[in-house]
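Me: I have a structure open here and would like to talk it through with you. Could you start with the helices and then move on to how the chains meet?
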Amino acid sequence: MIEYALNFGFVCVALALLMNLYRLTAGPTTADRVLAVDTMAINAIALLVLYGIGKATAMYFEGALLFAMFGFVSTVAYCKFVLRGDIIE
Amino acid sequence: MPFVIELIISLLIVIGGAFLLIGSFGMIKLRDLLPRLHAPTKASTVGLGSLLIASMLFFWVERGHFTIHELLITLFIFLTAPITANLIAKAYMLLNVDPNKDLPPSKQDEGWATFDPIGPEGYDPSEEYQEKET
């Protein structure tokens with residue numbers, strides 16, 4: 001039964017990533033694109049967690065943790081650049 | 001693996017996937033950035049949270065010992081999501097909102113902090129920055 005639930009989860013996350021990709025390309029403002037990339041990082045974490053459950057290995061957990069950290073850092077860096085014109089003042 | 005545990009894990013995965021889909025559907029459905037900003041919060045709290053609980057339960061039953069290291073991701077996402085949303089909203093307001101027309105007056109000597117970084121005593125951060133460069 002877990003296999004069917006995992007397939008459903010993969011389809012959901014893939015559709016969510018496609019919707020984020022649409023917002024990334026068509027977003028009218030810069031902030032829309034930053035928000036789309038941030039949501040894509042969250043969806044990528046979900047995809048890695050699902051893949052880890054499917055393969056029954058905890059190796060993908062480190063990848064998910066790295067995605068969580070670098071998604072946050074990249075979003076903050078880009079917003080800081082828009083706000084101040086500089087990242088490290 | 002017992003049937004009840006398997007049912008709970010499958011249910012958590014389905015709930016998580018559905019909430020991730022709903023959160024990203026809000027990104028293309030809502031009309032503006034500021035309403036759009038609250039759509040991915042569903043994905044990052046309920047969606048990712050239930051997926052990580054499912055992962056914890058799965059590896060508990062699979063390996064036989066209980067670990068909480070998936071909670072690290074949940075904790076990190078919960079700590080950083082408000083900061084991210086605040087910074088994105090500030091960047092949007094700086095680029096797309098007119099402080100004289102769209103915002104109420106701040107009723108103080110200085111303006112709103114996003115648009116008026118100069119403090120009330122005439123403190124100009126750009127002067128300090130130029131001194132540091134020379």
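Me: What span should the 25 residues of helix α3 of chain A have at 1.5 Å a residue?
Reply: Helix α3 of chain A (residues 60-84) should span 36 Å, and the distance between its end C-alpha atoms is 36 Å, which agrees; the expected span is 1.5 Å times one less than the number of residues, and helices are DSSP runs of H or I with at least four residues, strands being E runs of at least two, numbered from the N terminus. This is a predicted model, in which local features need pLDDT of at least 70 and side-chain atom pairs count only at pLDDT 80 or more, while totals for chains, interfaces and linings use all residues. Residues are numbered from 1 along each chain as its sequence is written, and chains are lettered from A and ligands numbered from 1 in the order in which they are written.

Me: How many residues does each chain put into the contact?
Reply: Chain B gives 48 residues and chain A gives 45, with two residues counted as in contact if their C-beta atoms, placed from the backbone, lie within 7 Å. On the side of chain B that touches chain A, α4(B) gives the most, with 16 residues.

Me: And by class, what is on that side of chain B?
Reply: The side of chain B that touches chain A has 32 nonpolar, 11 polar and 5 charged residues; Ala, Val, Leu, Ile, Met, Phe, Trp, Tyr, Cys and Pro count as nonpolar, Asp, Glu, Lys and Arg as charged, and the others, Gly among them, as polar.

Me: Switching to B:Leu52, is it buried or exposed?
Reply: B:Leu52, which is found in helix α3 of chain B, is buried, because 24 other C-beta atoms lie within 10 Å. Leaving aside neighbours within four places in sequence, B:Leu52 is in contact with A:Val49, B:Glu70, B:Ile73 and B:Thr74.

Me: What about α1(B), what should its 27 residues span?
Reply: At 1.5 Å a residue, α1(B) should span 39 Å, and its end C-alpha atoms are 38 Å apart, which agrees.

Note on methods:
A residue is buried if 20 or more other C-beta atoms lie within 10 Å of its own, exposed if 12 or fewer, and partly exposed in between; C-beta atoms are placed from the backbone.
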